[in-house]
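This briefing goes through selected parts of the structure shown below, grouped by topic.

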Amino acid sequence: MRSHRFVAILFALGLLTARHADAVQMVPETFSGIAKSAKPSVVNIFSTRVVRVQGTGDPNEDFFRQFLGQGLPQRSQRQQSLGSGFIVSDDGYIVTNAHVVAQADQIRVKLANREEYEAKLVGSDQKTDVALIKIKPKAALQPLKLGDSGALEVGDWVVAIGNPFGLAATVTAGIVSAKDRVIGAGPYDDFIQTDASINPGNSGGPLFNLSGDVVGINSAIYSRSGGSVGIGFAIPINLARQIIDELRTKGRVARGWLGISIQEMNSEIAKSFGLDTPRGALVAQVEPGSPAAKAGLRRGDIILQFNDAVIEDGRQLSPRIAESGVGKSVDLTVLHDGTQHRATVTIEEQPGSNPKPNPPNGGSWGLTLMDLTPEIMRRYGIPRGVQGGVVREVHPGGPADAAGMQAGDVIRQVDRQDVPNARAAQQLFDRAADKALLLLQRRAQFGYVIIERGPQGGAPEPDDAVE
């Protein structure tokens, strides 16, 4: 080991302290061992979906149509997205990001040996951006070992392997820059931040520790240009592990639920509740009939401990509740009016966990809806402060398709009535006549469309739905 001999010489000459010598020797000389063993288990994922676009495809004809005031026709167009994934079983189960395969009509997987396979979506969880797909390989595959992301420390070396910009089997390395990052991607944000180069196409690929174990799923980057600026985010494998198991066995995720709303505390609020420093999860609301209500929790309670885990701030509580087994009893240490007491709560399943995408009125409008989230707003370029129901899927050949609607359109009004969320939009659709006037927002542009009610039915089957 030449670097180690060099360190020993510097140390002997008194040019390096013992502490610095130990630090230098911890720097890996190479990551080739991890790359060689892991690359056969990292795959490229190509997903395609059919969307409706305006125009004939011929720029000259489109120009003359618009010049003559004829308007542009609608046509189908296939969109392809690239991503990465990694093998977790020898019989073909592969983990990736939910956004890589969202709304996909076709998913193809390319292995390191260049074999290609059609893949089936086993299940996906949008709240954590984890998805599981399955191929039928000709021979047994080489699965990766899942490690312990909880053992990672800030400053530890990590290695990312993926498919950035379509460049297969690209290896990058860096350190853990931070842990427990909240970036507004969803209710269970708990990202590992790394400066290992992560770019578009890396999504869904593995993040390794120096033992070659998967400790994260590369998911997002912070960038103004679209390329890596040294700030990437990975889903901790400890969070994803249970989700992967549930998707594999049930095709969906059943999350635990207490039925409380949590408010973050600052110094002033903490002082008003008799705490010297902000700590714990402040209960802002308790839903009637919920597990928390049955256990006697009240607004203003501060949850200090969940089983044996100390709760330092409110955002630590939600993942622990969600990951608790449905039907399990948990012990809470609660502060109420300055007095601590213990409460035992039985976890129930979160209402609406992974709901099937039911279109308004049985599919007669040819679309499915969802609520706005920070991640959805980023994905579709929706400005801040917008309210409405977001079009999640447009069924090919249906009324919404004929009206030129697209996934990501925000329904702001139905028949001139404002729409605050997806539920309100659905209620207005249910009360509408055979036609409805919609005010749509697409990114920063607004426009009205008329949509006609179609025949009943038309909803995708559960196996075809991206949940």
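Which exposed residues does the face of α12 turned away from its buried side carry? In this predicted model, that face carries Arg423 and Arg431.

**Helix α12**
- Within helix α12, which spans residues 422-431, the buried residues are Ala422, Ala424, Ala425, Leu428 and Phe429. These cover an arc of only 160° around the axis, and therefore they lie on the same side of α12.
- The cover over the buried residues of α12 includes β21, β22 and β23, together with β24 (417-418), β25 (435-442) and β26 (445-452).
- At the N-terminal end, α12 is capped by Asn421, which has a side-chain oxygen 3.3 Å from the backbone nitrogen of Arg423.

- Strand β22 (residues 389-394) is largely enclosed by the rest of the structure, because five of its six residues are buried.
- Strand β21 (residues 367-371) runs antiparallel to β22 and is joined to it by five bridges, and Asp371 has Gly389 of β22 as its bridge partner.
- β22 also pairs with strand β23 (residues 410-414), again in the antiparallel sense, over two bridges, and here Gly389 has Ile411 of β23 as its bridge partner.

**Glu246 in helix α6**
- Glu246 belongs to helix α6, which covers residues 237-250, and it counts as buried because its relative accessibility is 11%, under the 20% cut-off.
- Leaving aside residues up to four places away in sequence, Glu246 touches Gly251, Arg252, Val253 and Ala254.

Technical notes: Residues are numbered from 1 along each chain as its sequence is written. This is a predicted model: local features need pLDDT of at least 70, side-chain atom pairs count only at pLDDT 80 or more; totals for chains, interfaces and linings use all residues. Side-chain values use heavy atoms; hydrogens and water are left out. Helices (H or I, at least four residues) and strands (E, at least two) are DSSP runs, numbered from the N terminus. Buried means under 20% relative accessible area, exposed over 50%, partly exposed in between (1.4 Å probe, protein chains only). Contact means heavy atoms within 4.5 Å. Two strands pair if DSSP finds at least two bridges between them. The arc is that of the directions from the helix axis to the C-beta atoms. A polar contact is a pair of N or O atoms within 3.5 Å; within protein, one must be able to donate a hydrogen and the other to accept it, and residues adjacent in sequence count only if both atoms are side-chain atoms.
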